[in-house]
Amino acid sequence: MNGDEACCEGALAAGCRFFAGYPITPATEVAESMSRRLPEIGGIYIQMEDEIASMAAILGASWGGVKSMTSTSGPGFSLMMENIGLGLCTETPCVVCNVQRAGPSTGLPTLVAQGDMMQARWGSHGHYEIIALSPSSPQEMFDFTIRAFNLSEYYRLPVIILADETIGHMNERVIIPQEEDIEIVNRRKPTVSREDYLPYEADADGIAPMANCGDGYRIHVTGLTHDDRGYPAMDAKAQEKMITRLVDKIRKNRDKIIRTQNLYLDDAEVVVVSYGISARSAMQAVRDARGEGIKAGLIKLDTVWPFPEELIRGVAPRLKAMIMAEINGGQMVLELERAACGACPVSLVSNFGGAILHPGLILNAVAKAAKEKP
Amino acid sequence: MNIVENFDLFAPRLINKQELLSSGHRACSGCAEVLAVRLMCKALGENTVIASATGCMEIVSSMFPTTAWQVPWIHVAFENAASVASGIEAGLKALRKKGRIDDRYIKVVGMGGDGATMDIGFQALSGAMERGHDMIFVCFDNEAYMNTGIQRSSGTPMGASTTTAPAGKVSMGQKTWKKNMPEIMVAHEIPYVATVCPSYPLDFIRKIEKAKSIKGPSYIHCFSMCPTGWRSPSHTAVSIGRLAVETGVFPLFEVEHGHYRLSPDMPKKLKPIKDYFKPQGRFRHLTPDEIEVIQERVTVEFRKLAEKAKFLKTGNE
């Protein structure tokens, strides 16, 4: 199956029973698969009038108690931004799959890019933390979609899957495990009595148990800055308290959220960092470099946000160079530079979208960096 | 008055010979939408600026390094053709007032498909019509998102099978009635609303010319048969357009300042809708009972329209 279809199957396996979407190349196949598959298992598919409505509908569905998701690409992702912020502020679990195409604007609707990395991080206004995963194959589309649901349910926020056109439209074998072999996380339910329940009173780990609409608990959901009761509290103190908690629940759990796949990292002198489809070009380049006797290594970012800065900071001092391979003008390379903090030179192999990176380009950069004197 | 109208109707020699949408574009064979755009351009003439939403017509007419457009044309996002057209109209007005451009009348036209009109672009269109810009908005309605591969829109008719409203054991395809866009535009109390179909080119051109002559906002709803999305042979576009009108599925009418008028092309007695459904693969799965339900609705809707035309006559009759 292709990556978009694998995303649909992953969502269903994770327990998603509501999808609201809007057709957009190259994410349309997610919606099409959902429109066929959801009615078969008692779920609901709605095609909305635009992406603003799609994002709003899945927030509503999530408060109704159903695991929900939407899928889109560039222009639609831009339209969703305000409501993603609403989801973050109201701590609403849901999943947004962005099958990236080249932008800005309509850009190259049918061709690959990875240009929405920073938009996923900072696209909605205000200060927040986000979780974003980047799959590199249809199998990972399946696996990461399940993980996205688990993370969103546990940490109570919209989790973004940053796929790309090539992964979305690529056909590969996908192994779907038995139901009992799939780890599923569901949102934490309130354990206190109805009288004692405060919708945003967090447990020790910063995450508040969530009562769905209709569970009998009194809940008040607002996009305004709110206190533990969920009621608007319009002052600097309340803002400080709320945002600190929203940020900390991700920051303090970074080690549980962040996942990377490392290749030949132990003895590497030059490390390529990459994600999504570019990580596959990078993997080929690293293997070719090893064939030529160059001590190359790879860090593939499974979670792009939060960025694994501790890992980078740890390995950078013993490396000759780090290279970021990505399909945009250089977005995650900024994070890499920040995390490496001058401990080793950082360079970029990229294009602006429309085609995947040729492994030869990355190999050249690796070979060049390996020759430099440390 | 009727005689003059008919004389106007049967004067194909008077049609503008200039092609403002040139051939060689990339539309599918048998596309009625591109035929409609061509007729629209003929009726509008050179003094026109067009803002086009994302959609088939943008893709087929403007792929680098070629363009089919012989008039100023701008492609904008999916949701904002009407807003951009508003801006162009206001901008031209300001430039004319300041004497920066010569004082000729330029018509600003927004165009989009059914999605760009009824779904994502609805808010922008409603705003533009309410503000009363001197512009025409033309909806080229092929009854689904054809550019992304036949997904349902709110213009998709009941019972049609699409990739996101697939017909099967549990579903008959699209489960909602088509959004009545012309009536929504009439409710905006704009000076002119009309429905057109490229299978009736003279009626089509006359209505566009009328919209052009009217100062203020006007809305044209164009039935644009899509052989690819409707699963029918590519030579059937014009005949299916005729059947849509003859069965009352897509009646041709115009509303001028609230006064309704059915087009002379409308037959006295409607054909059964199964004649219209038959050549289209998207309706193939419908049972006679389901067709009966849709037939009833079409009949009622047409009767409502005919009554409005009877009681709310055009001012010049």
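## A helix across the sheet in chain A

In this predicted model, helix α12 of chain A, residues 332–340, lies across strands β9, β12 and β13 of that chain. Its direction is at about 160 degrees to that of β12(A).

What kind of sheet is that helix lying on? The strands belong to an open sheet of 5 strands in chain A, with the order β8-β10-β9-β12-β13 and mixed pairing. β8 (260–263) and β13 (346–350) of chain A stand at the edges with a single partner strand each, so one side of each has no neighbour in the sheet. On average, neighbouring strands here are turned by 20 degrees against each other, if you ignore direction.

## Zooming in on two strands

Let's pick one pair. Strand β9 (residues 270–274) and strand β12 (residues 321–326) of chain A pair in the parallel sense, over 5 bridges. If you want a spot to look at, find A:V273, which stands opposite A:M324 in β12(A). Another helix packs on this sheet too: α10 of chain A, residues 276–291, touches β8, β9, β10 (296–301) and β12 of chain A. The direction of α10 makes about 165 degrees with that of β10(A).

## Two domains in chain A

Now step back to the whole of chain A. The domain assignment gives domain 1 (3–181) and domain 2 (261–371). Their centres, taken over C-alpha atoms, are 27 Å apart. The contact takes 28 residues from domain 1 of chain A and 25 residues from domain 2 of chain A.

How much area is buried between domain 1 of chain A and domain 2 of chain A? It comes to about 1900 Å², and carbon and sulfur atoms give 58% of that. Three residues of domain 1 stand out: A:Q114, A:M117 and A:M118 supply 31% of the area that domain 1 of chain A buries against domain 2 of chain A, more than any other three residues. The count of salt bridges between these two domains is 2. Elsewhere on your tour of chain A, look for the salt bridge of A:R280 with A:E172, where the closest N and O atoms are 2.6 Å apart.

## Where the chains meet

The size of an interface is often given as the accessible area lost when the parts come together. For chain A and chain B, that buried area is about 1200 Å², with 56% of it on carbon and sulfur atoms. Each side brings a set of residues to the contact: 16 residues from chain A and 16 residues from chain B.

And how many salt bridges are there between chain A and chain B? The count is 0.

## Salt bridges inside the chains

A search of the whole structure, over all chains, finds 42 salt bridges. One of the pairs is in chain A: the side chains of A:K252 and A:D248 meet in a salt bridge, at 3.6 Å from N to O. Are these two buried or exposed? A:K252 counts as exposed because its relative accessibility is 63%, while A:D248, at 23%, counts as partly exposed.

Over in chain B, B:R38 forms a salt bridge with B:E19, and their closest N and O atoms are 2.8 Å apart. This pair links distant parts of the chain, 19 residues apart: B:R38 is in helix α2 (residues 32–44) of chain B, and B:E19 is in the loop between α1 (2–9) and α2 of chain B. B:R38 is partly exposed, with a relative accessible area of 34%, and B:E19 counts as partly exposed at 32%.

Another chain B pair is B:E256 with B:K210, with 3.1 Å between the closest N and O atoms. B:E256 lies in strand β7 (residues 253–256) of chain B and B:K210 in helix α8 (residues 201–213) of chain B, so the pair ties together parts that are 46 residues apart in sequence. B:K210 counts as buried, because its relative accessibility is 17%. Both residues also belong to a network of salt bridges that links B:D203, B:R206, B:K207, B:K210, B:E254, B:E256 and B:R261.

## A buried valine in chain B

Last stop: B:V109, found in strand β3 (residues 107–113) of chain B. B:V109 counts as buried because its relative accessibility is 0%. What does B:V109 touch? Leaving aside residues up to four places away in sequence, the contacts are B:M40, B:L44, B:T48, B:V49, B:I50, B:A51, B:A85, B:I136 and B:V138. Take B:L44 from that list: B:L44 and B:V109 are 65 residues apart along the chain, and their C-alpha atoms are separated by 9.2 Å.

Conventions
Residues numbered from 1 in each chain as written. Chains lettered and ligands numbered in written order. Predicted model: local features only at pLDDT ≥ 70, side-chain atom pairs only at ≥ 80, totals over all residues. Heavy atoms only, no water. Salt bridge = Lys/Arg side-chain N within 4 Å of Asp/Glu carboxyl O. Buried < 20%, exposed > 50% of the residue type's maximum accessible area, 1.4 Å probe, protein only. Helix = DSSP H or I, 4+ residues; strand = E, 2+ residues; numbered from the N terminus. Pairing = 2+ DSSP bridges. Axes fitted to C-alpha atoms, helices over the stretch in contact; angles between N-to-C directions. Contact = heavy atoms within 4.5 Å. Domains from an automatic or database assignment. Buried area = accessible area lost by both parts, 1.4 Å probe.
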